[in-house]
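Here is a set of questions and answers for a reader who is meeting this structure for the first time. Please look over the sequence and the model before reading on.

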Amino acid sequence: MKTESLDLVLDESPPQPAGEGTQQATAMPDDGLLIVPMRNVVLFPGMILPLTLGREQSILAAQQALKLERPVGILLQREPEIDRPGPDDLYGLGTVANILRYLTLPDDTHVIVCQGVQRFRVIEYLSGYPSPVVRFAGIDDLNVANNEVTARFIQLKERALQVLQLEPQASLEVSAAVRGIGSPGALADLIAGFLEIGPNEKQAVLEAVDLVRRLDLVLDYLLRRLEVLKLSREIDERTKASIDERQRHFLLLEQLKSIQKELGEEDEGSSAELAELHKAIAEAQMPEEVARHAGKELKRLERMQDGSAEYSMIRAYIDCLIELPWKPPEADRIDIGEARRMLDADHFGLEQVKKRIIEFLAVRKLNPEGHGPILCFVGPPGVGKTSLGQSIAKALGRKFVRTSLGGVHDEAEIRGHRRTYIGALPGNILQAIRKAGSRGCVLMLDEIDKLGSGIQGDPSAALLEVLDPEQNNSFRDNYLALPYDLSSVLFITTANVLDNIPGPLADRMEIIHLPGYTQEEKLEIARRYLVGRQIARNGLQAGQFEITDAALMAIIRDYTREAGVRSLEREIGAVCRRAAVNIAEGGASSVRVDECDLAPILGPCKFDNEVALRTGMPGVATGLAWTPVGGDILFIESGRTPGDGKLTLTGQLGDVMKESAQAALTLMKTRASSLGIDSVDLEKCNIHIHVPAGAIPKDGPSAGVAMFISLASLFVDRAVRSDTAMTGEISLRGLVLPVGGIKEKVLAAMRAGIRRVLLPERNRRDLEDVPAGAREKLEFVFIENVDDAIANAMETQLAGTP
């Protein structure tokens, strides 16, 4: 039995009913009654209850009743989930109630305080009203005075007072009301209204028009409540003796469990939940060892209280076991022709890379059970490494998931945390597979070269097992603490550079280099993909915006200098946004952008052709460099001043590059006589070698040839050809040694306007990787020693050289 009170800060301003509803309500017949449906509340005659109104029809009915000074009918819904109940959704017997107060709370909630008057029965529903209206017949209580009623009345009052003594929340006012009431029917209604029973039981009492039956029903409910309260007090006394101070906060849970055991009832919700877990474990098709372990954990869960901390930890662990995909993956659906078409549609260029991917897919189709290699796409940003992984997933018909390893410095991010820690979770590998929902997914480990290490361990060492096809069939995550088969997962990794990847980890992967794009390839990519994507992102239609090929080439040449196309797409997006502003303001219905229109939008050119300006004087040579974002040209400037033979190096040079400069100077001194240089002059001057862009660190041996040619040009007073760039390492014997990054360097030379490139003879084989367009536009000269370099780099051949 419970009591309720209303203690709120209320806005008692009179409600403002809608005009249309008012007009219809004024035509309501005299025997009409406005209905307010309630979901879980039964109002009895004589009771005063606050009722919260949330539906527009109910609010309108209450407002109309107030305006017309009429009562309302309170009817219980059969199904509380129904939002707009019809006649069949409501019980046919309810309570006529007077609205004592209409309240509007600060959160715009409507509350009416109602007093039940009498029972009524619905005769028929009237149509044409904005809220339910019925014709009704009132039902009055018959004051029957006989021995049966009197005996039940006395018994009911005694049992009610006993319940109120045992009920911890009972108030003195309710006890006084029970003692003072003299009507058997009113007493039954009062007790049923405050008794803790369900709305259907209360409706049964309301529908019990016969007084004897009503008294019997309420007496039966009251006796059941009395038994529960007596048992509760006995259990409370026994439980308190067995629970120490540390377990005192579980007192209520123990009482509830003991009550259910005494009554022979179980927690239906908990039983249903455990049954669902049993079913889910059986349907997950776990391996025998895993299923046995899951069953063991489930038995532990059954013996625990659901409010304990360990309960939630074990439940989360079981949920993780269930959600992980254990079923064998479906066979790959590989169509080589479709895969080739898909790769060509999604990526322009990258012919060697797409060829290797097709080979990979063909082997996978012929040998589905084999352990294929772990592919590692290495290349500068923006060349399409991640999208290639997505294309492979589409070609295999597999789900694609990606996890970034950039900045990961904790081994637990890969292997997970042990369950003993609060908030423990599986590692990124298992979380990604759980997200994919299949062991046969394509899992891309992005930015594998950005892994860190710290006091928490080395994540790259944890990846050694993950990326080894011979070991990952029994991968053990610390959180799972069980073997998990990763052999069906297709791992693909990406990196910008190989230098930061540990050797044992790189040895487990097949490295596929993705070079930068040529200007022609960038133009084609912009035509096919970038322009249309930016038009859609900026809210433009296909016919509202046009950009010429000359404008695109100008953006590529003068505003972006990168290996990929990300900056190019950003600049195209800036042009589209300017066009969107012009169209939105009504200045034009369509916009066409040409090369001459770029300066007002993107500003002045960001990159200039500096080759002619910097190579028109002795002592300046053009080298070629490799960077993580592609190739670049490198200017080597040499100068001399009177002094004692001191060498000065500036321009943020690394140790290897400084050693190359020293080797170039030593070689210069040994070749002085053959070049017609007085060795005494070399000893009487200080030499300064500077590499511009001093804020950018530079290192590597490939600038050795350019440094030697710069020094030779300075001392023989002959300028280096302005259309020529060179790369190569030198030795003290004058040999030109091979270097790496030939393709990136050649593309950088072409972008800078170079027409001739000097390459080491032993790099001739690397010319096959250079795009055909670059090979056609550039002249390649292969050199074996510095004499060949001098003969081909200087504008005028020197005397004494071969």
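Q: How many salt bridges does a search of the whole structure find?
A: The model is a predicted one, and a salt bridge is counted here where a side-chain nitrogen of Lys or Arg lies within 4 Å of a carboxyl oxygen of Asp or Glu. Searched in this way over the whole structure, the number of salt bridges is 36.

Q: How many residues apart in sequence are the parts that glutamate 196 and arginine 225 tie together?
A: The side chains of glutamate 196 and arginine 225 meet in a salt bridge, with an N to O distance of 3.7 Å. Glutamate 196 sits in the loop between α5 (184-194) and α6 (199-207), whereas arginine 225 belongs to helix α7 (residues 211-242), so the parts that the pair ties together are separated in sequence by 29 residues.

Q: Is arginine 225 buried or exposed?
A: Its partner in the salt bridge, glutamate 196, has a relative accessibility of 39% and therefore counts as partly exposed. Arginine 225 has a relative accessible area of 19%, and the cut-off for a buried residue is under 20%. Arginine 225 is therefore buried.

Q: Which helix holds the glutamate 323 that pairs with arginine 434?
A: Arginine 434 forms a salt bridge with glutamate 323, and the closest N and O atoms of the two are 3.4 Å apart. The pair links distant parts of the chain, 111 residues apart, with arginine 434 in helix α16 (residues 428-436) and glutamate 323 in helix α11 (residues 309-323). Arginine 434 counts as partly exposed at 25% relative accessibility, and glutamate 323 likewise counts as partly exposed at 46%. The helix that holds glutamate 323 is α11.

Q: What is the relative accessible area of arginine 764?
A: Arginine 764 meets glutamate 761 in a salt bridge between their side chains, at 2.9 Å from N to O. Glutamate 761 is partly exposed, with a relative accessible area of 24%. Arginine 764 is also partly exposed, and its relative accessible area is 43%.

Q: How are α24 and α26 oriented to each other?
A: Helix α24 (residues 655-670) and helix α26 (residues 704-716) pack with their axes 9 Å apart, at an angle of about 40 degrees. The crossing of α24 and α26 is right-handed. An angle under 35 degrees would count as roughly parallel and one from 65 to 115 as roughly perpendicular, and α24 and α26 are therefore oblique.

Q: How many charged residues does the contact of α24 with α26 have?
A: On the α24 side the contact includes Met657, Ala661 and Leu665, and on the α26 side it includes Met707, Phe708 and Leu711. By class, the contact of α24 with α26 has eleven nonpolar residues and two polar ones, while the number of charged residues is none.

Q: Where is aspartate 108 found?
A: Aspartate 108 has a positive phi, near 65 degrees, although this residue is not a glycine. Aspartate 108 is exposed, with a relative accessible area of 55%. Its place is the loop between β4 (93-104) and β5 (110-126).

Q: What is the phi of glutamate 69?
A: Glutamate 69 is found in the loop between α2 (56-68) and β3 (72-76), and at 73% relative accessibility this residue counts as exposed. Although glutamate 69 is not a glycine, its phi is positive, at about 55 degrees.

Note on methods:
Residues numbered from 1 in each chain as written. Predicted model: local features only at pLDDT ≥ 70, side-chain atom pairs only at ≥ 80, totals over all residues. Heavy atoms only, no water. Helix = DSSP H or I, 4+ residues; strand = E, 2+ residues; numbered from the N terminus. Buried < 20%, exposed > 50% of the residue type's maximum accessible area, 1.4 Å probe, protein only. Axes fitted to C-alpha atoms, helices over the stretch in contact; angles between N-to-C directions. Parallel < 35°, antiparallel > 145°, perpendicular 65-115°, else oblique. Left-handed = near helix turned anticlockwise from the far one by under 90°. Contact = heavy atoms within 4.5 Å. Nonpolar A, V, L, I, M, F, W, Y, C, P; charged D, E, K, R; others polar.
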